Amino acid sequence: MPLGQPYPRPKRPQSESAAAQAAQGQHQQYQQTPGQDAHAPYAQGAYGGLGPYAAAPAEKPRSRKGLIAMGVVLIVVIALGIGWGAATLFGNDSDGDTVAAPASSETKSPAGEDSSSQSPAESPEPSKSPELSDDPAKALDQLIEGDRSSVKADLNGKWVPQLSSKKLGLEAEGKTWKEKDILAEHQELRDEYPRVQLVWSGDFASFKEDDFWVTVVGIGYDDPEEALSWCSSHGLGADYCYAKQLNTSGGIEGTTRLQD
């Protein structure tokens, strides 16, 4: 063998060479790319394909419409919750609670009277005539008898608004008065104003004559000016309404007060 020539490499046995090539090919087949999980079998290999257990693609981000819909639902749920809480809170406070409107100090009666000048016992409704006889004279007696006890019990010594006084055969207002005329006038006043009552002048010492049917408002005042205020508040002038004191004893002196 000439000097300087390398010794020839001994040939491997054919079986050994084939085994080495097979091992090298198997190593290349399972060689991993950078970043790939070392424990994931059948990952992307020498042939560039995906194995049967390759990782699933990353989930796509939610669409904008889906996020908006979720936001709207959340707002509605919050609003309903607030509304339910408010209804529960304020509803429970008002249950059984009845909030009333404020009373006016200038409340008027059906005839326009200021309630502050009235007696607390006054009824807001006009006085209704009871069922009466068809005979005017008997009907007048029924009214007198029906009102007498309350008039004497509640109005003795009090000032009342007097609306009319008539007697049989009186010539006034362009006619001669009869029982039917006296009855008709009294019933008209009784239906129009509250607490109207019929008084027989003979029952009280404060009348000059004892044969008059006198129509009064059955509200007793301690001051005659209060009775006159009732007259003016109902638009009744001096010729139709004045203050009269009802007394079962004494005389007539100082028991009448006229409007100015």
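How do the residues of the lining of the largest pocket divide into nonpolar, polar and charged? I opened my notes with this, and I read off eight nonpolar, three polar and six charged residues in that lining. I keep in mind throughout that the model is predicted.

**Entry 1, the chain as a whole.** Reading from the N terminus on, I wrote down their order as α-α-α-β-β-β-α-β-β-α-β-β. Buried residues make up 25% of the 260 residues in the chain, and its accessible surface comes to about 18,300 Å², with 54% of that belonging to carbon and sulfur atoms. I then turned to contacts between residues at least 6 apart in sequence, and noted that 62% of them join residues at least 24 apart.

I noted a volume of about 370 Å³ for the largest pocket. Of the 17 residues that line this pocket, Leu163, Ser164, Lys166, Glu185 and Tyr240 are the closest to its centre. I checked which elements contribute, and both strand 1 (159–166) and helix 4 (179–192) supply at least two residues of the lining. Strand 1 gives the largest share of the pocket lining, namely five residues.

Rolling a probe the size of a water molecule over the atoms shows where empty space is left. I found one cavity of 30 Å³ or more in the count, and the volume of the largest cavity is about 50 Å³. Among the residues that line the largest cavity I listed Ile144, Asp147, Arg148, Val151 and Lys152, and also Leu198, Val199, Trp200, Asp203 and Phe204. Helix 3 (136–155) and strand 4 (196–200) each bring at least two residues to this lining, and the largest share, five residues, comes from helix 3. By class, I recorded six nonpolar and four charged residues in the cavity lining, with no polar ones.

Where does glycine 250 lie? I located glycine 250 in the loop between strand 6 (242–245) and strand 7 (256–257). Is glycine 250 buried or exposed? I put glycine 250 down as exposed because its relative accessibility is 66%, and exposed means over 50%. I also looked up its separation from serine 206, and the C-alpha atoms of glycine 250 and serine 206 are 7.0 Å apart in space, while the two residues are 44 residues apart in sequence.

Definitions and conventions. Residues are numbered from 1 along each chain as its sequence is written. This is a predicted model: local features need pLDDT of at least 70, side-chain atom pairs count only at pLDDT 80 or more; totals for chains, interfaces and linings use all residues. Side-chain values use heavy atoms; hydrogens and water are left out. Helices (H or I, at least four residues) and strands (E, at least two) are DSSP runs, numbered from the N terminus. Buried means under 20% relative accessible area, exposed over 50%, partly exposed in between (1.4 Å probe, protein chains only). On a 1 Å grid over the protein atoms alone, a cavity is a set of points where a 1.4 Å probe fits but cannot get out, and a pocket is an open set with protein on both sides within 12 Å along at least five of seven lines; lining residues have an atom within 4 Å of a point. Grid points are joined across faces, edges and corners, and a volume is the space filled by probe spheres set on the points. Ala, Val, Leu, Ile, Met, Phe, Trp, Tyr, Cys and Pro count as nonpolar, Asp, Glu, Lys and Arg as charged, and the others, Gly among them, as polar. Contact means heavy atoms within 4.5 Å. Accessible areas come from the Shrake-Rupley method with a 1.4 Å probe; for residues, only the protein chains shown count as cover.
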